[in-house]
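Dear colleague,

I am handing over the structure we spoke about, and below it I have set out what was found. Please read the notes with the model open beside them.

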Amino acid sequence: MGKYQDLHKLSIEDPEAFWKPIAEKIFWYKKPDKVLDASRPPFYKWFVGGVTNTCYNAVDRWVEAGKKDQPAYIWVSSELNQERTITYGQLLDEVVQFASVLKNSGVKKGDRVLIYLPMVPEACISALACVRIGAIHSIVFAGFSTESLAVRIDDAKPKMVICADAGHRAGKPVPLKSIIDEALDRTEYKVPLVVVLDRGLVKPNMVAGRDMFWKDIVAQKGKDSVPCEQVASSDPSYILYTSGTTGKPKGALRDTGGHIVALYNSMETIYGCKPGEVYWAASDVGWVVGHSYIIYAPLFYGLTSLIYEGTPIHPDPGIWFRIIEKYKVDRMFTSPTAFRVLKKFDEKHITGRDLSSLKVIFLAGEPLDAPTWEWATRVTKNIPIIDHYWQTESGWAILTNPWGVEQVTIKPGSPTFPSWGWDLKVVDPAGKEMPAGEKGVLVAKPPIPPGCLMTVYGDDERYESAYFKQFPEFLYATGDYAIKDKDGYYFVLGRADEVIKVAGHRLGTREIEEAILSHSAVAEVCTIGIEDKEKGQVPVAMVVLKEGQKPSDELKKDINQTVRNNVGAIASVHEIEFVVKLPKTRSGKIIRRVVKALFEGKDIGDLSTIEDGTSVDEIRQAIKDVVKLK
C-alpha cells in the first residue's frame, strides 16, 4: 500500500501540499491565495481567494479544448424507449440558452432555483445554467411528496421552480406538475415563476401569470449570450436537502472551488478514469450521487456521463447490461441494493451480455454484504466490485479503495480505507478510540476535506450541533457505527440507531442481515429490533426469497441456523417472515423505519420517497403473524 499510504498521510499532515497541485488542474479566473482557512472551526474554507465557475469547468473548457463533438451526456429512457446523445458543443448551446432564460427572468447570483425534474437531460442543463450565472440550485428528487416539497420551497425561497408534466416509472406516467401545484398551495413563500417541461405524458394545469412551458420561455427569453459568472471559491453552488429521523430536512450547502477540486480528483484517484471514457452512475439526479457523478464530476474530467430513466428490472432484468454493451460503458456506479434486486432473477440476464468494456463497478449507498459481493463478482465474470462509503454531506467518498492510485486487496464487506483528507477513527460515546475489531461510532478529526458541506443552509447552529458537538474536539460525527480491523480496514455497520441491544449485547442489524444473505435461498432482507420484556430487544427479519424458492417453516429454521453459525446464538432471529418486496426508496435504500414503525404500531410517517406503496401493505400483513398492532 505504499502509494496510497504516502498520499493519504500527506493529505492529513500537509493539506496544502496535497491539494495545491490538484487545484492547479482545474480552471481559475484567479488562483487561490491559500489552500485552507481553518481559523473558524468547524467552518472550514478551501482555496481561499480563488475565483472560478462550475459550469466553465464542466462545459466551456472542453469546447475550447476541441472536444465540442465528444458526447457529454447520453440519455437512455427504458421507460419511453428513447435515447439522445448531447455533445459538449450542443450542451454549451443549451446551457447558455437556459442561462439566458434565468437572467431574463430576474434570477441573479445567489438566488435559489428549485428543480423538480425526472431523469431527463434538462435536469442537468438547468443545474449547469444555474451555476453558470452563480445562482444556487436545489434539486428535489422527483418522487418527494407535496409536504416534502413545500418544506423545501419555504426554506430555500426559490425565484423559480422547474418541473415536468410527468415522470415515468415502471411503465406508468407519474404526474409531477400537480404535486408542485399542491405544494405551492401550502407554502408561505410564493414562487413567482414555474417553468414546466412538457413531455406530452399528461396534460398539466397551467396557472396564468405564474406558469410557462419550457419551450415557450426558451423561445422568448433564451436568445442572449451569457458568459460564466466569476464566483469566489467559497460561494455556494447548490443546496441538497437530507432528511433526518427527526426535525425538518437539513439543507447541505456546497461550496464552489472545493467541490470542483474534490470531484475532479476523485475521478482520477478513486475511480481511475481515463480521458474519453463513458461513466455511468445509475442513480437519480435528486440524490447526492446524481449531483456528484451524473451532472458534474464526469464533465469536470471531460468524460461522457450516462443519464438513465428507468429501473434495473424494467422492461426486464437485463436492461442495464444491454446498455453497458451498447454504449461500451467503462465504469459503473450503483448501489448494493440494485444487485440484491437483480440477484432474484435468472443470471443469464447478466452472463449473456458482452461486458468486456466494463473495467470496474463501484457500489455505495448501503453496506455491501459479502454474499452480494461474491455473487456480483461471479456473474460479471470477475469484474472488480468496489465498495465505498460516503454521505450527502461529504459529496464524495469518505472510505474507498483508491482504484486510480493503488488497487489494494479487497476484503468483502469493507469499503476499505479513508479517502484523501479523511482522518478517521472509531470511538465510544465519550470520543475515546476503540481497539481494533471493536464497534463504535465512525468520526473524523477536523478539518473535513474540500467538497463537503459548508454548513446547513440558513442554520449555522444546526450545522455545528448536528455534526460537530456530539464529541469533543469538533470531531465530525458520521452517525454510523463501524469497526476498524487489525489491518486498518473499516467495516460500516449502518446507522447508529440501527443497533439492537439483546440481553445487554449490542448487535448491528448489518451483521445479522449479512448472515441471512449468505443463505443460498435469500435475495434481500431487512432486520430490525423490536421490544421484548425478557431480553430488551430481539431481532426480527423480513426476507425476500430468490425466484423459484418456496417459503416454509423448515427454511425459516435453516436461515436462523445460518445466523447462529455466523454471528452466534445471541443473534437468533425471533421471527422470520417471507415477503415479496421490501419498502425501498427509488434510489434502492430499504426504509427500515417503516418496518420498525409497523412492528411497533406507530405512525409510519412520510412515504414520499417509497418505490412501491404496496410493499407497506405486505409488511403490515406479515407483521400480524408476529405482533398485534396497536
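Which residue just after H6 takes a positive phi? That residue is Lys157, whose phi is about 50°. Helices here are DSSP runs of H or I with at least four residues, and strands are runs of E with at least two, both numbered from the N terminus.

Before going further, please keep in mind that this is a predicted model, in which local features need pLDDT of at least 70 and side-chain atom pairs count only at pLDDT 80 or more, while totals for chains, interfaces and linings use all residues. Residues are numbered from 1 along each chain as its sequence is written, and side-chain values use heavy atoms, with hydrogens and water left out.

Helix H6 itself covers residues 146-156, and because 8 of its 11 residues are buried, it is largely enclosed by the rest of the structure. Buried means under 20% relative accessible area, exposed means over 50%, and partly exposed lies in between, with a 1.4 Å probe and protein chains only. Among the buried residues of H6 are Leu149, Arg152, Ile153 and Asp155, and their cover includes strand S6 (112-116), helix H7 (177-186) and strand S14 (238-242).

Turning to the aromatic residues, a search of the whole structure finds 34 aromatic pairs. Rings of Phe, Tyr and Trp (for Trp, its six-membered ring) pair if their centres lie within 6.5 Å, and planes under 30 degrees apart count as stacked, over 60 as edge-to-face and the rest as tilted. Trp280 and Tyr308 form an edge-to-face pair, with 5.5 Å from centre to centre and 70° between the planes. This pair links distant parts of the chain, since Trp280 lies in strand S16 (residues 278-281) and Tyr308 in strand S17 (residues 304-309), 28 residues apart. Trp280 is buried at a relative accessible area of 0%, and Tyr308 is buried at 5%. Elsewhere, one aromatic cluster is formed by Tyr4, Phe18, Trp19, Trp28, Trp46, Phe47, Trp396, Phe417, Trp420 and Tyr489.

Phe417, a member of that cluster, also stands in S23, opposite Thr400. Strand S23 belongs to an open sheet of 3 strands in the order S21-S22-S23, with antiparallel pairing; two strands pair if DSSP finds at least two bridges between them. Strand S21 (389-390) and strand S23 (417-418) stand at the edges with a single partner strand each, so one side of each is left without a neighbour in the sheet. Strand S22 (residues 397-400) is joined to S23 by 2 bridges.

H1 gives the most, with 5 residues. Of the 17 lining residues, the closest to the centre of this pocket are Tyr4, Gln5, His8, Pro418 and Lys484.
A pocket here is an open set of points on a 1 Å grid over the protein atoms alone, where a 1.4 Å probe fits, with protein on both sides within 12 Å along at least five of seven lines, and lining residues have an atom within 4 Å of a point.

Finally, Asp387 is found in strand S20 (residues 385-387), and at 7% relative accessibility it counts as buried.

With best wishes

Terms used
Contact means heavy atoms within 4.5 Å.
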